[in-house]
Amino acid sequence: MERKSIQTLVYEELKKNIMSMKLKPGQAMSTQEMATKLNVSRTPVREAFLRLQSEGLVEMIPQRETIVSRVDLKRVDQEKFIRESLELGVINKFLEKKNGDDIRIMSELIQVQERCDQSGDFAGFLDADDRFHKVLFDVTGQQMAWAIIMDRNGHYNRLRILFIQREHVMKSSIQQHAEIVRLLVKGEEEGIRKALASHIQRLDVDKTGLAADYPDYFDTADRRNRERQIGTL
């Protein structure tokens with residue numbers, strides 16, 4: 001197995017911490033601070049920051065600091081559109097190729113989610129959720145499509161981790177996954193398409209409420225104007 005470079009390991013660690021909200025939206029970071037924490041030189045940290053900036057996960061302000069980007073609801077809509085289009089596009093191929101092993105894997109991932117719900121493991125819950133949906137792409141050989149989703153989901157996924165912390169949301173997601181599996185077992189193809197679409201779209205209902213509950217985490221025109229004014233002082 002090919003060994004990962006230091007730069008890749010630093011990038012993956014920083015991205016994991018951003019996506020799990022350990023590094024919170026709006027939080028400032030310095031190259032030296034991250035290099036010290038990760039016990040590496042400044043160079044791989046700078047390279048990781050540039051890669052994260054290209055994904056819209058950090059904002060690098062020359063001669064000042066690097067900031068974890070706040071969640072942009074317009075970008076959330078675009079990232080969700082990519083995921084929804086690709087996932088609903090792959091379902092027909094999946095229905096042609098699925099077998100009992102695939103359904104068993106999905107059922108086991110539901111059990112993982114149930115344990116995460118009981119322990120309050122939000123990051124673990126979302127990881128199992130992604131693995132559940134990844135089955136659709138693995139079975140159909142559409143790994144490139146899944147990679148696109150994973151590479152372009154930084155704002156959408158951070159909204160998801162806020163969303164699942166709402167009361168009963170994890171249980172509701174588990175129920176929706178269980179319904180998808182039940183329909184797969186019964187072979188109700190039209191029902192599966194509708195259940196999957198409803199499951200993917202459920203976040204739309206609550207995104208503005210989340211922005212109101214976590215105002216410091218979200219990008220707004222007013223905030224950008226204030227920060228632009230401060231930057232010119």
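I began with open space: working on a 1 Å grid over the protein atoms alone, I took a pocket as an open set of points with protein on both sides within 12 Å along at least five of seven lines, and a cavity as a set where a 1.4 Å probe fits but cannot get out; lining residues have an atom within 4 Å of a point. Points are joined across faces, edges and corners, and a volume is the space filled by probe spheres set on them.

Ground rules: this is a predicted model, in which local features need pLDDT of at least 70 and side-chain atom pairs count only at pLDDT 80 or more, while totals for chains, interfaces and linings use all residues. Residues are numbered from 1 along each chain as its sequence is written, and side-chain values use heavy atoms, with hydrogens and water left out.

I found about 620 Å³ in the largest pocket. Of its 20 lining residues, Met19, Asp127, Asp130, Met150 and Asn157 lie nearest the centre. α1 (6-19), α6, α7 (143-151) and α8 each give two or more residues to this lining; helices here are DSSP runs (H or I, at least four residues), numbered from the N terminus. I sorted the lining into seven nonpolar, four polar and nine charged residues, counting Ala, Val, Leu, Ile, Met, Phe, Trp, Tyr, Cys and Pro as nonpolar, Asp, Glu, Lys and Arg as charged, and the others, Gly among them, as polar.

**Cavities.** How many cavities of 30 Å³ or more does the structure hold? I got two. The largest has about 100 Å³ of space, and its lining includes Arg83, Glu87, Asp129, His133 and Arg160. α8 (154-163) supplies at least two of the lining residues, as do α4 (73-97), α6 (122-139) and α10 (189-201); the largest share, three residues, is from α8. By class I noted five nonpolar, two polar and five charged.

The second largest cavity has a volume of about 40 Å³. Glu87 and His133 are in its lining, along with residues including Phe132, Ile180 and Leu196. Here α6 gives the most, three residues, and the classes are seven nonpolar, one polar and one charged.

**Helix α9.** I then followed α9 (169-186): its 18 residues reach 26 Å from first C-alpha to last, close to the expected 26 Å (1.5 Å times one less than the number of residues). Gly187 follows α9, with a positive phi near 75°.

**Salt bridges.** My search gave 21 in the whole structure, each a side-chain nitrogen of Lys or Arg within 4 Å of a carboxyl oxygen of Asp or Glu. Arg104 and Glu108 meet in one at 3.0 Å, N to O; they are four residues apart in α5, about one helical turn. Lys134 pairs with Asp138, the closest N and O atoms being 2.8 Å apart, and these two are also separated by about one turn, four residues apart in α6. Shared partners join Arg83, Glu87, Asp129, Asp130 and Arg160 into one salt-bridge network.
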